[in-house]
Amino acid sequence: MAALVLLTCVAVAACSTDSTPAPGSTTASSASASVASSSKPSVAPASVPRSTGCGATKLNATTVRQKLAQLIVVGVTGADDAQGIVNSEHIGGIFVGSWTDKSILSSGAAARISRSSSIPLMVTVDQEGGRVSRLSDLGIDGPSARELARTKTPEQVKALATDVGTKLKRLGVTVDFAPVADVSDESDDEVIGDRSFSNDPAVVTKYASAYAEGLEAAGIMPVYKHFPGHGHGSGDSHLGLVRTPPLAQLKTSDLVPYQTLLREPGNAGVMVGHLIVPGLTNGLPASISRPAIQLLRRGAGYGGPPFNGVVFSDDLSGMAAISARYPIEQAVEKFILAGGDIALWLSTDRVSSVLDTLERAVSAGRLAPRRLDDKVVRVLRAKGVLDC
(Lines give C-alpha, C1' and ligand atoms only; values in the text may rest on other atoms or scores of the structure.)
Protein backbone atom coordinates (compact mmCIF):
# COMPACT_ATOMS: atom_id res chain seq x y z
CA MET A 1 0.00 0.00 0.00
CA ALA A 2 2.84 2.45 0.81
CA ALA A 3 4.20 1.95 -2.71
CA LEU A 4 0.76 2.58 -4.19
CA VAL A 5 0.39 5.80 -2.25
CA LEU A 6 3.83 6.96 -3.35
CA LEU A 7 2.99 6.39 -6.99
CA THR A 8 -0.48 7.84 -6.79
CA CYS A 9 -0.09 10.75 -4.43
CA VAL A 10 0.77 14.19 -5.77
CA ALA A 11 2.27 17.02 -3.83
CA VAL A 12 -0.83 19.09 -3.24
CA ALA A 13 -3.08 19.83 -0.30
CA ALA A 14 -4.15 16.49 1.26
CA CYS A 15 -1.02 14.73 -0.06
CA SER A 16 1.07 13.04 2.60
CA THR A 17 3.98 11.81 0.48
CA ASP A 18 6.29 13.46 -2.03
CA SER A 19 5.73 12.59 -5.68
CA THR A 20 7.32 12.16 -9.06
CA PRO A 21 6.51 14.62 -11.89
CA ALA A 22 2.79 15.06 -12.31
CA PRO A 23 1.18 13.19 -15.19
CA GLY A 24 0.42 15.57 -18.02
CA SER A 25 2.79 18.27 -16.80
CA THR A 26 4.06 20.32 -19.70
CA THR A 27 7.37 21.42 -21.08
CA ALA A 28 8.10 24.68 -22.85
CA SER A 29 7.12 23.05 -26.15
CA SER A 30 3.69 22.03 -24.88
CA ALA A 31 3.23 25.53 -23.44
CA SER A 32 3.92 26.81 -26.96
CA ALA A 33 1.24 24.48 -28.27
CA SER A 34 -1.12 25.99 -25.73
CA VAL A 35 -0.29 29.46 -27.04
CA ALA A 36 -1.09 28.36 -30.57
CA SER A 37 -4.41 26.78 -29.63
CA SER A 38 -5.51 29.77 -27.56
CA SER A 39 -4.93 32.10 -30.51
CA LYS A 40 -7.94 30.51 -32.21
CA PRO A 41 -10.97 31.28 -30.04
CA SER A 42 -13.40 28.36 -30.01
CA VAL A 43 -16.15 30.19 -28.17
CA ALA A 44 -18.10 33.27 -29.18
CA PRO A 45 -17.45 36.14 -26.72
CA ALA A 46 -20.22 36.44 -24.15
CA SER A 47 -22.21 39.67 -24.04
CA VAL A 48 -22.10 40.88 -20.44
CA PRO A 49 -23.41 43.98 -18.66
CA ARG A 50 -20.94 46.57 -17.44
CA SER A 51 -19.84 46.32 -13.82
CA THR A 52 -20.77 49.13 -11.47
CA GLY A 53 -19.61 48.00 -8.03
CA CYS A 54 -16.24 47.40 -6.39
CA GLY A 55 -13.47 47.27 -8.98
CA ALA A 56 -15.75 48.39 -11.82
CA THR A 57 -12.97 50.19 -13.72
CA LYS A 58 -10.70 47.16 -13.62
CA LEU A 59 -13.49 44.70 -14.41
CA ASN A 60 -14.82 46.69 -17.35
CA ALA A 61 -11.34 46.77 -18.88
CA THR A 62 -11.05 42.97 -18.63
CA THR A 63 -12.54 40.45 -21.05
CA VAL A 64 -14.67 37.54 -19.87
CA ARG A 65 -11.86 35.10 -20.68
CA GLN A 66 -9.35 37.18 -18.73
CA LYS A 67 -11.72 37.27 -15.75
CA LEU A 68 -12.13 33.50 -15.93
CA ALA A 69 -8.36 33.08 -16.12
CA GLN A 70 -8.08 34.78 -12.71
CA LEU A 71 -9.94 31.78 -11.30
CA ILE A 72 -7.16 29.37 -12.29
CA VAL A 73 -3.98 28.30 -10.50
CA VAL A 74 -2.00 25.51 -12.19
CA GLY A 75 1.13 23.54 -11.49
CA VAL A 76 4.15 24.32 -13.65
CA THR A 77 7.33 22.40 -14.47
CA GLY A 78 9.54 25.47 -14.37
CA ALA A 79 10.00 29.06 -15.49
CA ASP A 80 9.47 28.46 -19.24
CA ASP A 81 6.24 26.58 -18.62
CA ALA A 82 5.00 29.33 -16.29
CA GLN A 83 5.96 32.16 -18.65
CA GLY A 84 4.31 30.42 -21.59
CA ILE A 85 0.93 29.94 -19.95
CA VAL A 86 0.93 33.41 -18.39
CA ASN A 87 1.70 34.95 -21.79
CA SER A 88 -0.96 32.93 -23.58
CA GLU A 89 -3.84 32.87 -21.11
CA HIS A 90 -3.08 35.43 -18.37
CA ILE A 91 -3.87 32.91 -15.63
CA GLY A 92 -4.33 33.97 -12.05
CA GLY A 93 -1.53 31.96 -10.53
CA ILE A 94 0.94 29.10 -10.58
CA PHE A 95 1.58 26.21 -8.23
CA VAL A 96 5.14 25.13 -7.39
CA GLY A 97 4.96 21.40 -6.69
CA SER A 98 7.46 18.70 -5.83
CA TRP A 99 8.09 18.10 -9.56
CA THR A 100 8.73 21.79 -10.33
CA ASP A 101 12.27 22.99 -11.04
CA LYS A 102 12.81 25.06 -7.89
CA SER A 103 15.06 27.50 -9.70
CA ILE A 104 11.81 29.21 -10.68
CA LEU A 105 11.92 30.48 -7.09
CA SER A 106 15.62 30.67 -6.28
CA SER A 107 16.41 32.59 -9.48
CA GLY A 108 13.64 35.11 -8.93
CA ALA A 109 11.85 34.00 -12.12
CA ALA A 110 8.45 33.55 -10.46
CA ALA A 111 8.54 37.07 -9.08
CA ARG A 112 9.63 38.49 -12.45
CA ILE A 113 6.85 36.64 -14.30
CA SER A 114 4.33 37.95 -11.78
CA ARG A 115 5.54 41.54 -12.14
CA SER A 116 5.34 41.35 -15.92
CA SER A 117 1.74 40.10 -15.85
CA SER A 118 -1.07 42.64 -16.23
CA ILE A 119 -2.42 41.34 -12.89
CA PRO A 120 0.06 39.95 -10.33
CA LEU A 121 0.13 36.18 -9.97
CA MET A 122 -0.61 34.07 -6.96
CA VAL A 123 2.61 32.10 -6.59
CA THR A 124 1.50 29.16 -4.47
CA VAL A 125 3.18 26.30 -2.62
CA ASP A 126 2.20 23.49 -0.26
CA GLN A 127 4.62 24.16 2.61
CA GLU A 128 3.24 22.80 5.89
CA GLY A 129 6.34 21.42 7.60
CA GLY A 130 6.91 17.80 8.55
CA ARG A 131 6.11 15.39 5.72
CA VAL A 132 4.80 18.20 3.53
CA SER A 133 7.93 20.35 3.21
CA ARG A 134 8.15 21.00 -0.51
CA LEU A 135 10.88 23.61 -0.25
CA SER A 136 13.28 21.88 2.11
CA ASP A 137 15.93 21.95 -0.63
CA LEU A 138 15.74 25.74 -0.47
CA GLY A 139 16.21 25.79 3.29
CA ILE A 140 12.57 25.97 4.35
CA ASP A 141 11.57 23.18 6.69
CA GLY A 142 10.12 22.58 10.12
CA PRO A 143 8.32 20.16 12.41
CA SER A 144 4.91 18.68 11.65
CA ALA A 145 1.81 20.36 13.00
CA ARG A 146 1.32 17.64 15.61
CA GLU A 147 4.91 18.05 16.82
CA LEU A 148 4.47 21.82 17.03
CA ALA A 149 1.38 21.45 19.21
CA ARG A 150 3.20 18.98 21.47
CA THR A 151 6.36 21.01 21.96
CA LYS A 152 5.66 24.71 21.41
CA THR A 153 3.31 27.44 22.57
CA PRO A 154 1.01 29.21 20.09
CA GLU A 155 3.24 32.29 20.40
CA GLN A 156 6.30 30.24 19.42
CA VAL A 157 4.40 28.74 16.50
CA LYS A 158 3.42 32.20 15.28
CA ALA A 159 7.10 33.25 15.38
CA LEU A 160 8.13 30.10 13.51
CA ALA A 161 5.46 30.68 10.85
CA THR A 162 6.57 34.29 10.47
CA ASP A 163 10.10 33.06 9.80
CA VAL A 164 8.82 30.53 7.24
CA GLY A 165 6.68 33.22 5.62
CA THR A 166 9.60 35.64 5.41
CA LYS A 167 11.67 33.03 3.57
CA LEU A 168 8.76 32.25 1.23
CA LYS A 169 8.31 35.95 0.51
CA ARG A 170 11.97 36.33 -0.47
CA LEU A 171 11.49 33.55 -3.03
CA GLY A 172 8.48 35.26 -4.60
CA VAL A 173 5.84 33.01 -3.05
CA THR A 174 2.58 34.78 -2.15
CA VAL A 175 0.26 31.94 -1.00
CA ASP A 176 0.94 28.94 1.25
CA PHE A 177 -1.61 26.11 1.36
CA ALA A 178 -1.25 25.90 5.14
CA PRO A 179 -2.11 25.52 7.95
CA VAL A 180 -4.05 22.26 8.14
CA ALA A 181 -7.18 22.88 10.21
CA ASP A 182 -8.27 19.24 10.22
CA VAL A 183 -9.11 17.63 13.55
CA SER A 184 -7.62 14.13 13.54
CA ASP A 185 -6.70 11.17 15.72
CA GLU A 186 -5.05 9.28 12.85
CA SER A 187 -1.62 7.77 13.40
CA ASP A 188 1.23 10.03 12.31
CA ASP A 189 1.79 8.46 8.90
CA GLU A 190 -1.82 8.34 7.67
CA VAL A 191 -3.14 10.77 5.05
CA ILE A 192 -3.77 13.57 7.58
CA GLY A 193 -2.08 12.08 10.63
CA ASP A 194 0.66 14.32 12.01
CA ARG A 195 -0.33 17.08 9.60
CA SER A 196 -3.14 17.80 12.09
CA PHE A 197 -2.30 19.75 15.23
CA SER A 198 -4.59 17.59 17.37
CA ASN A 199 -7.79 15.62 17.73
CA ASP A 200 -8.98 18.38 20.08
CA PRO A 201 -10.79 21.13 18.11
CA ALA A 202 -9.73 23.77 20.64
CA VAL A 203 -6.04 22.91 20.21
CA VAL A 204 -6.40 22.92 16.41
CA THR A 205 -8.07 26.32 16.59
CA LYS A 206 -5.30 27.88 18.72
CA TYR A 207 -2.40 26.52 16.72
CA ALA A 208 -3.88 26.92 13.23
CA SER A 209 -4.72 30.53 14.11
CA ALA A 210 -1.18 31.16 15.35
CA TYR A 211 0.37 29.64 12.23
CA ALA A 212 -1.89 31.64 9.90
CA GLU A 213 -1.17 34.86 11.79
CA GLY A 214 2.55 34.23 11.43
CA LEU A 215 2.33 33.68 7.68
CA GLU A 216 0.20 36.77 7.21
CA ALA A 217 2.58 38.87 9.33
CA ALA A 218 5.25 38.00 6.75
CA GLY A 219 3.00 38.99 3.83
CA ILE A 220 1.98 35.45 2.84
CA MET A 221 -1.68 34.49 2.30
CA PRO A 222 -2.50 31.46 4.47
CA VAL A 223 -5.08 28.90 3.37
CA TYR A 224 -6.94 26.75 5.90
CA LYS A 225 -7.64 23.22 4.73
CA HIS A 226 -9.51 20.89 4.13
CA PHE A 227 -13.06 22.18 4.72
CA PRO A 228 -15.35 20.71 6.00
CA GLY A 229 -12.82 18.34 7.58
CA HIS A 230 -10.63 15.47 6.32
CA GLY A 231 -9.35 14.31 9.70
CA HIS A 232 -11.94 11.61 10.33
CA GLY A 233 -12.50 10.63 6.70
CA SER A 234 -12.70 7.04 5.49
CA GLY A 235 -9.48 7.13 3.48
CA ASP A 236 -7.29 9.12 1.09
CA SER A 237 -8.99 11.23 -1.59
CA HIS A 238 -5.90 10.80 -3.78
CA LEU A 239 -6.86 7.15 -4.11
CA GLY A 240 -10.64 7.31 -4.32
CA LEU A 241 -13.85 8.50 -2.73
CA VAL A 242 -13.68 9.53 0.92
CA ARG A 243 -16.65 9.77 3.25
CA THR A 244 -16.63 11.76 6.45
CA PRO A 245 -18.86 11.27 9.47
CA PRO A 246 -22.33 12.82 9.05
CA LEU A 247 -22.68 16.61 9.10
CA ALA A 248 -24.23 16.52 12.59
CA GLN A 249 -21.05 14.89 13.90
CA LEU A 250 -18.73 17.26 11.99
CA LYS A 251 -20.48 20.18 13.70
CA THR A 252 -19.17 18.99 17.08
CA SER A 253 -15.61 18.27 15.94
CA ASP A 254 -14.15 18.85 12.45
CA LEU A 255 -16.04 22.08 11.77
CA VAL A 256 -15.46 23.61 15.20
CA PRO A 257 -12.12 25.31 14.34
CA TYR A 258 -13.72 27.20 11.45
CA GLN A 259 -16.26 28.74 13.84
CA THR A 260 -13.41 30.77 15.32
CA LEU A 261 -10.78 30.88 12.56
CA LEU A 262 -13.14 32.59 10.11
CA ARG A 263 -14.52 35.23 12.48
CA GLU A 264 -11.53 37.48 11.75
CA PRO A 265 -9.81 35.66 8.89
CA GLY A 266 -7.65 38.50 7.65
CA ASN A 267 -6.56 37.61 4.13
CA ALA A 268 -6.77 33.85 4.70
CA GLY A 269 -8.40 31.59 2.15
CA VAL A 270 -10.06 28.22 2.63
CA MET A 271 -9.45 25.05 0.62
CA VAL A 272 -12.40 22.68 0.15
CA GLY A 273 -11.62 18.97 0.14
CA HIS A 274 -12.98 16.17 -2.05
CA LEU A 275 -15.06 14.78 0.81
CA ILE A 276 -18.50 13.20 0.68
CA VAL A 277 -20.43 14.38 3.73
CA PRO A 278 -23.62 12.48 4.60
CA GLY A 279 -26.40 14.95 5.25
CA LEU A 280 -24.75 17.71 3.20
CA THR A 281 -23.26 16.86 -0.21
CA ASN A 282 -25.81 14.40 -1.67
CA GLY A 283 -23.12 11.90 -2.63
CA LEU A 284 -20.83 14.44 -4.31
CA PRO A 285 -17.40 15.53 -3.06
CA ALA A 286 -17.66 18.80 -1.12
CA SER A 287 -15.42 20.55 -3.65
CA ILE A 288 -18.15 20.33 -6.31
CA SER A 289 -21.13 20.50 -3.96
CA ARG A 290 -22.99 23.81 -3.81
CA PRO A 291 -24.50 23.01 -0.37
CA ALA A 292 -21.00 22.42 1.03
CA ILE A 293 -19.58 25.66 -0.33
CA GLN A 294 -22.69 27.57 0.75
CA LEU A 295 -22.23 26.13 4.25
CA LEU A 296 -18.80 27.78 4.21
CA ARG A 297 -20.09 31.03 2.70
CA ARG A 298 -23.09 31.43 5.02
CA GLY A 299 -21.70 29.89 8.18
CA ALA A 300 -25.06 29.61 9.90
CA GLY A 301 -25.47 25.91 9.06
CA TYR A 302 -22.62 24.94 11.40
CA GLY A 303 -22.50 27.85 13.83
CA GLY A 304 -19.73 29.69 11.99
CA PRO A 305 -19.50 33.21 10.55
CA PRO A 306 -20.17 34.07 6.89
CA PHE A 307 -16.99 33.79 4.82
CA ASN A 308 -16.40 36.09 1.87
CA GLY A 309 -12.73 35.27 1.31
CA VAL A 310 -11.22 33.20 -1.47
CA VAL A 311 -12.36 29.58 -1.70
CA PHE A 312 -9.81 27.24 -3.32
CA SER A 313 -10.40 23.74 -4.61
CA ASP A 314 -8.15 20.92 -3.61
CA ASP A 315 -6.25 19.51 -6.61
CA LEU A 316 -8.75 18.67 -9.35
CA SER A 317 -6.48 16.64 -11.64
CA GLY A 318 -4.34 14.33 -9.50
CA MET A 319 -6.79 13.05 -6.90
CA ALA A 320 -8.92 10.06 -7.87
CA ALA A 321 -11.92 11.23 -5.86
CA ILE A 322 -12.40 13.76 -8.70
CA SER A 323 -10.16 12.77 -11.60
CA ALA A 324 -11.54 9.23 -11.88
CA ARG A 325 -15.01 10.66 -12.45
CA TYR A 326 -14.54 13.93 -14.34
CA PRO A 327 -12.15 15.33 -16.96
CA ILE A 328 -10.45 18.49 -15.78
CA GLU A 329 -12.70 20.76 -17.86
CA GLN A 330 -15.82 19.35 -16.21
CA ALA A 331 -14.28 19.28 -12.75
CA VAL A 332 -13.29 22.95 -12.91
CA GLU A 333 -16.70 24.00 -14.19
CA LYS A 334 -18.45 22.05 -11.42
CA PHE A 335 -16.27 23.65 -8.75
CA ILE A 336 -16.79 27.17 -10.08
CA LEU A 337 -20.55 26.72 -10.49
CA ALA A 338 -20.77 25.26 -6.98
CA GLY A 339 -19.47 28.58 -5.64
CA GLY A 340 -15.69 28.19 -5.55
CA ASP A 341 -13.29 30.94 -6.60
CA ILE A 342 -9.92 29.41 -7.58
CA ALA A 343 -9.60 26.02 -9.25
CA LEU A 344 -6.27 24.29 -8.61
CA TRP A 345 -4.73 21.56 -10.71
CA LEU A 346 -1.34 20.28 -11.71
CA SER A 347 -0.38 21.06 -15.30
CA THR A 348 -0.72 23.72 -17.98
CA ASP A 349 -1.59 21.59 -21.01
CA ARG A 350 -5.39 21.96 -20.81
CA VAL A 351 -5.76 25.49 -19.51
CA SER A 352 -7.12 26.73 -22.84
CA SER A 353 -9.77 24.02 -23.06
CA VAL A 354 -10.80 24.70 -19.47
CA LEU A 355 -11.24 28.38 -20.31
CA ASP A 356 -13.23 27.46 -23.42
CA THR A 357 -15.55 25.40 -21.21
CA LEU A 358 -15.96 28.23 -18.71
CA GLU A 359 -16.67 30.73 -21.49
CA ARG A 360 -19.45 28.44 -22.69
CA ALA A 361 -20.84 28.39 -19.14
CA VAL A 362 -21.03 32.19 -19.19
CA SER A 363 -22.53 32.32 -22.69
CA ALA A 364 -25.16 29.72 -21.77
CA GLY A 365 -26.12 31.53 -18.58
CA ARG A 366 -24.86 28.83 -16.20
CA LEU A 367 -22.35 31.29 -14.73
CA ALA A 368 -23.94 34.71 -14.36
CA PRO A 369 -21.70 37.73 -15.10
CA ARG A 370 -22.35 39.17 -11.65
CA ARG A 371 -21.29 35.92 -9.96
CA LEU A 372 -18.15 35.89 -12.08
CA ASP A 373 -17.35 39.49 -11.12
CA ASP A 374 -17.85 38.66 -7.42
CA LYS A 375 -15.28 35.87 -7.72
CA VAL A 376 -12.77 38.06 -9.52
CA VAL A 377 -13.19 40.82 -6.96
CA ARG A 378 -12.44 38.37 -4.14
CA VAL A 379 -9.30 37.22 -5.97
CA LEU A 380 -8.13 40.76 -6.71
CA ARG A 381 -8.68 41.79 -3.10
CA ALA A 382 -6.58 38.86 -1.94
CA LYS A 383 -3.81 39.95 -4.33
CA GLY A 384 -3.96 43.53 -3.05
CA VAL A 385 -5.08 44.86 -6.44
CA LEU A 386 -8.39 46.11 -4.99
CA ASP A 387 -9.05 47.47 -1.51
CA CYS A 388 -12.79 48.13 -1.80
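This is a predicted model: local features need pLDDT of at least 70, side-chain atom pairs count only at pLDDT 80 or more; totals for chains, interfaces and linings use all residues.

Me: What share of the residues counts as buried?
Reply: Of the 388 residues in the chain, 59% count as buried.

Me: And how many helices and strands are there?
Reply: The chain contains 17 helices and 12 strands.

Me: What about contacts, how many join residues at least 24 apart?
Reply: Taking the contacts between residues at least 6 apart in sequence, 73% join residues at least 24 apart.

Me: Where is Glu359 placed?
Reply: Glu359 belongs to helix α16, which covers residues 351-363.

Me: Is Glu359 buried or exposed, and why?
Reply: Glu359 counts as buried because its relative accessible area is 9%, and the cut-off for buried is under 20%.

Me: Changing topic: which peptide bonds are cis?
Reply: Among them is the bond from Ala178 to Pro179, with omega near 5 degrees. Another cis bond joins Lys225 and His226, where omega is about 5 degrees.

Me: Where do Pro179 and His226 lie?
Reply: Pro179 is in the loop between β6 (175-176) and α10 (201-217). His226, on the other hand, is part of strand β7, residues 221-227.

Me: Now backbone angles. What is phi for His90?
Reply: For His90, phi is near 55 degrees, which is a positive value in a residue other than glycine. His90 sits in the loop between α5 (79-89) and β2 (93-96).

Me: And what is phi for Asn282?
Reply: Asn282 also has a positive phi, near 55 degrees, and is likewise a residue other than glycine. Its place is the loop between β10 (275-276) and α13 (290-298).

Me: Why does His90 count as partly exposed?
Reply: His90 has a relative accessibility of 31%. Partly exposed covers values between the buried limit of 20% and the exposed limit of 50%, so His90 at 31% is assigned to that class.

Me: Then why is Asn282 counted as exposed?
Reply: Asn282 reaches 71% relative accessibility and therefore counts as exposed, a class that requires over 50%.

Conventions
Residues are numbered from 1 along each chain as its sequence is written. Side-chain values use heavy atoms; hydrogens and water are left out. Helices (H or I, at least four residues) and strands (E, at least two) are DSSP runs, numbered from the N terminus. Buried means under 20% relative accessible area, exposed over 50%, partly exposed in between (1.4 Å probe, protein chains only). Contact means heavy atoms within 4.5 Å.
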